[in-house]
Amino acid sequence: MPMIKERLGDVLTGYTVDYALEDGVTGITSPYIAIGHLFFESIDAFQKEYLPQREEVRKDIPNFTDIQSIVQISEVIC
């Protein structure tokens, strides 16, 4: 995430990383180990600024995991 923030600057309005708690803590099996959220002012800002750099980001993912990542584009509604 720091690399992404460095590349995008103010276009990236925020980010979070969620790490799943172990099953023994919650009693629930999570389908994900971790989730990263990137926040942009608009879909236009995302398309203009992030998409041209996404290959660089994808190439960095194996430095952290060998699990195939999943990308979802969402709108925060509340």
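Biologist: What volume does the largest pocket have?
Modeller: In this predicted model, the largest pocket has a volume of about 1,800 Å³, where a volume is the space filled by probe spheres set on grid points joined across faces, edges and corners. A pocket here is an open set of points on a 1 Å grid over the protein atoms alone, where a 1.4 Å probe fits, with protein on both sides within 12 Å along at least five of seven lines.

Biologist: And which elements give two or more residues to its lining?
Modeller: Those are helix H1 (2-8), strand E2 (34-40), helix H3 (43-50) and helix H4 (54-60), and E2 gives the most, with seven residues. Helices (H or I, at least four residues) and strands (E, at least two) are DSSP runs, numbered from the N terminus.

Biologist: How many residues line the pocket, and which lie nearest its centre?
Modeller: The lining has 37 residues, each with an atom within 4 Å of a point, and Met-1, Ile-35, Gly-36, His-37 and Ile-70 lie nearest the centre.

Biologist: Switching topic, how do the elements run?
Modeller: The protein has four helices and two strands, in the order α-β-α-β-α-α from the N terminus on.

Biologist: What share of the residues is buried?
Modeller: Of the 78 residues, 10% count as buried, meaning under 20% relative accessible area with a 1.4 Å probe, protein chains only.

Note on methods
Residues numbered from 1 in each chain as written. Predicted model: local features only at pLDDT ≥ 70, side-chain atom pairs only at ≥ 80, totals over all residues. Heavy atoms only, no water. Buried < 20%, exposed > 50% of the residue type's maximum accessible area, 1.4 Å probe, protein only.
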